[in-house]
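Visitor: I would like to learn how to read this model. Please take me through it one feature at a time.

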Amino acid sequence: MGKVMIIGAGGVGRVVAHKCAQIPEVFEEIVLASRTVSKCEAIAADLKRPVTTEGVDADNVDELTALLKKHNPELVINVALPYQDLSIMDACLNAGVNYLDTANYEPPETAKFEYKWQWAYQDRFKEKGLMALLGSGFDPGVTNVYTAYLKKHYFDEIRELDIIDVNGGDHGQPFATNFNPEINIREVSADCRHWEKGTFVETPPMSLKQSFTCPEEVGTYNIYRMYHEELESLTKHYPTLEKAQFWMSFGDNYLKHLEVLRNVGMTRIDPVMFEGREIVPLQFLKALLPDPGSLGPLTKGKTCIGCVVKGVKDGKRVEKYVYNICSHEGAYAEVGSQAISYTTGVPAMIGAKMMMEGKWSGKGVFNMEQMDPDPFMDDLNRYGLPWKVVTPGA
Ligand code: NDP
């Protein structure tokens, strides 16, 4: 059906490459490009089909534009870092290529999670007749589609949304993050924001917790309220939402390490002078921590991510919970990555498949909930992330 270029050969890039390679009738040709070409080659060596590998600095718009013109793909799947989102969108506009990512743009110097920079590309993508699909990972991504699916099939109006992300996995390391440590620590150290009565309310990071029991005996975990980017687009596209919150599980050990690291300044993202040169403490910390990719063979257990929605159907109050459970060991056996990379990479592939097949189309910049959720939900069942809808307490 066409050619795709995957940018970023990290944990998520590995999963996307494997999953795209499994569907040659949609992804006829695959180019895998990243800053370090040897990482692309290592992934390519594990695939059953040949893919083209390239080295590229995606911060350099001219260099990336030239690479896109050389290969002329239909779509770029951006699974590099959020810092590259805008330069990759610029290169796509220059070369006339559609765009998809899994995380919103962040300026390197401030941990701000806002869609405003990418929504500002709306007119430029529209004028060029191109589509940009934002946030096609699990959260954001599947959580947006889950919300759209529940709204479409179970509610006349949705009023409350709780997105609950539990990682019941254990990698046995004293301290490690399951995806890029710099991005992960910026996210969990940021002030919390949740939506209440028409506005975002700010509270200190990790200041509210509760206990959550996952279905199917995944276990009971402490979940902490934090800000996550899909709250911004979902509250915009579902203005009937009176309250929307995002919760993530963290173990006591992880939080203790994070508190100490924060107290001693190791999570700072502003440059400091060290032996006559500037370093960013969080980037230095990243260099010391285990590479998330190395956790694949070590991680045991399951993730459980889903959405609880409350609202009204035919005048009656209704509550539904939709979730997926993903096994770390199962993900590793299939593609050589733990479940955090897997649950991000599979939806990135499915979002790309929706665009390549024309099931999702449009001109401009879109969030996931603006598309028909049904074909995406079908493909989650087909390609490794099956889901269930239940009535809590029933
Ligand atoms: P990794 O750090 O493992 O991989 C990122 C890759 O991008 C690396 O291979 C890196 O290259 C490459 N890269 C970085 N900068 C550039 C550049 N300037 N030009 C070209 N390549 C570059 O991260 P993950 O795979 O864990 O995460 C990938 C993305 O997925 C991130 O944006 C993350 O926020 C997002 N994500 C989304 C989730 C969701 O559910 N929506 C969940 C988890 C992650 P090199 O190795 O040479 O440094």
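Visitor: From which domains does the shell around the ligand draw at least three residues each?

Guide: This is a predicted model: local features need pLDDT of at least 70, side-chain atom pairs count only at pLDDT 80 or more, and totals for chains, interfaces and linings use all residues. Residues are numbered from 1 along each chain as its sequence is written. Domain bounds come from an automatic or database domain assignment. Here domain 1 (2–134) and domain 2 (142–339) each give at least three residues to the shell around the ligand.

Visitor: How many residues surround the ligand, and which are the closest?

Guide: A residue is near a molecule if its C-beta atom, placed from the backbone, lies within 6 Å of it. The ligand is surrounded by 32 residues, with Gly10, Val12, Thr36, Ala58 and Gly137 the closest.

Visitor: Which elements give two or more residues to the shell around the ligand?

Guide: Helices are DSSP runs of H or I with at least four residues, numbered from the N terminus. Two or more residues come from helix H1 (11–21) and from helix H13 (339–356). H1 gives the largest share, three residues.

Visitor: How do helix H7 and helix H14 pack?

Guide: Axes are lines fitted to C-alpha atoms over the stretch in contact, and angles run from 0 to 180 degrees between N-to-C directions. H7 (residues 142–154) and H14 (residues 373–382) pack at about 120°, their axes 9 Å apart. H7 is therefore oblique to H14 (under 35 degrees is roughly parallel, over 145 roughly antiparallel, 65 to 115 roughly perpendicular, the rest oblique).
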